[in-house]
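Here are my notes on the fold, as promised.

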Amino acid sequence: MNRGFSLSSSSFAIPAADNVTSSSVFGSAASAFQASSSGINGASKPENETAPPPQFTFEASSLLENEWRSTEWSEEVREALVKTVRSFKPPSETVTEARVLLLGPVGAGKSSFISSVQSVFSGRVLNRAMVGSSSSTSFTKKLRSYTIRGAGEDTDEPTALVLCDVMGVGEGEGTGLTLHDALSVIKGHAPEGHQFSPEQPIGAETVGFIRTPSTNDKVHCVVFVIDGSKVGSYAKSFGATFQQLREHISNLGVHQVALLTHVDQVCNATRSDITQVYKSRAIQQAMEKAGQLLGMATSYIVPVKNYCSELDLDENTDVLLLKAVDHILQYVNLFFQDDSD
């Protein structure tokens, strides 16, 4: 039996654990997603609708006159955001770090986002989280937690933000992270460095298994990472997978947000000037498609441009990355507020 996210059929199989069964997890997810695939606003789709093109290619003429989200771009804004992230502390007497888990398809940019955020705080472009080049096979095989370290005079001082990287969700049988393992990480059962295998789900026999995780071990916010240049061509089964994931994660009381990556590949104007991101009609449409894919309002989704081929930092790219981190930390705070109620 396949234990991975299988996107080549209409049904999915996962290891049973914590009241999660193969029938309750993905058995009805595909049909539920198809019934709701008309989008967040409820507009119906023609039955003969064809698949969207694999990538958006809009010209500068698609820019809107006004920003659809108001954003300031300056060195002062960048420095204020750096200070906000650097000074962040979880609003809890017992928790010292905010653990944030990144989930998404293979090649969406999870590891690149971690490296990009660390680059901002290091003052130079780094590849701290190793990044692969394949879009079909996950380069990340183990659970890796990266503490974002301070900048400037506080280079050696860690922030309270920990970004957790895991195997990506694959499109082939047995090639991606299982729902069981994703939930085990969120609940705090998975040990650091655990190597994921669809054939060996995390359990009591796993080396280093954390039987009674504390709040420090658990994930405090989940971030879905979606490739903006591919959002129109993801298999429909991805939507069923993500929305089922979201349902189980919500039942754990963990808030979720999303990143739309590769926005410079979505819009030509944004490729040459990242400050046009919130004037781009193409990116606005990509955000809406990501919202439909995830079953998530676009207010939870923020666009980012990761550092990939660049050797030097860019002020405006930093601002977009830091705004994404600030967005994430707001929902980390909500986790602790809910936990204290």
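1. H3 passes H9 in a left-handed crossing (left-handed if the near helix is turned anticlockwise from the far one by less than a right angle, right-handed if clockwise). The axes of H3 and helix H9 (residues 315-340) come within 9 Å and cross at roughly 35°. Axes here are lines fitted to C-alpha atoms, for helices over the stretch in contact, and angles run from 0 to 180 degrees between N-to-C directions. Helices (H or I, at least four residues) and strands (E, at least two) are DSSP runs, numbered from the N terminus.

2. Before going on, the ground rules: this is a predicted model, where local features need pLDDT of at least 70 and side-chain atom pairs count only at pLDDT 80 or more, while totals for chains, interfaces and linings use all residues. Residues are numbered from 1 along each chain as its sequence is written, and side-chain values use heavy atoms, with hydrogens and water left out.

3. Who touches whom between H3 and H9? On the H3 side you'll find Glu75, Val77, Arg78, Leu81, Val82, Thr84 and Val85, and they meet Glu315, Asp318, Val319, Leu322, Lys323, Val325, Asp326 and Leu329 of H9; contact means heavy atoms within 4.5 Å. The residues of this H3 with H9 contact split into 8 nonpolar, 1 polar and 6 charged. For the bookkeeping, Ala, Val, Leu, Ile, Met, Phe, Trp, Tyr, Cys and Pro count as nonpolar, Asp, Glu, Lys and Arg as charged, and the others, Gly among them, as polar.

4. Ser87 also sits in H3, which covers residues 75-87. The Ser87 side chain reaches the backbone oxygen of Thr84 at 3.2 Å. The C-alpha atoms of Ser87 and Thr159 are 7.3 Å apart, although 72 residues separate the two along the chain.

5. H9 has another partner: helix H4 (residues 110-122), with axes that come within 10 Å and cross at roughly 110°. That makes H4 roughly perpendicular to H9 (under 35 degrees counts as roughly parallel, over 145 as roughly antiparallel, 65 to 115 as roughly perpendicular and the rest as oblique). Phe113, Ser116, Val117, Val120 and Phe121 of H4 meet Asp318, Leu321, Leu322, Ala324, Val325 and Ile328 of H9. The tally for H4 with H9 is 9 nonpolar, 1 polar and 1 charged.

6. Helix H5 (residues 179-187) packs against helix H6 (residues 236-251) at about 30°, axes 11 Å apart, and the two are therefore roughly parallel to each other. Leu179, Ala182, Leu183 and Ile186 of H5 make the contact with Leu245, His248 and Ile249 of H6. These residues divide into 6 nonpolar, 1 polar and no charged.

7. Now the sheet: 6 strands form an open, mixed one in the order E2-E3-E1-E4-E5-E6, where pairing requires that DSSP finds at least two bridges between two strands. Its edge strands are E2 (144-149) and E6 (301-303), each pairing on one side only. Strand E1 (residues 98-103) runs parallel to strand E3 (residues 158-165) over 4 bridges, and Val100 stands opposite Leu163 in E3.

Terms used. A polar contact is a pair of N or O atoms within 3.5 Å; within protein, one must be able to donate a hydrogen and the other to accept it, and residues adjacent in sequence count only if both atoms are side-chain atoms.
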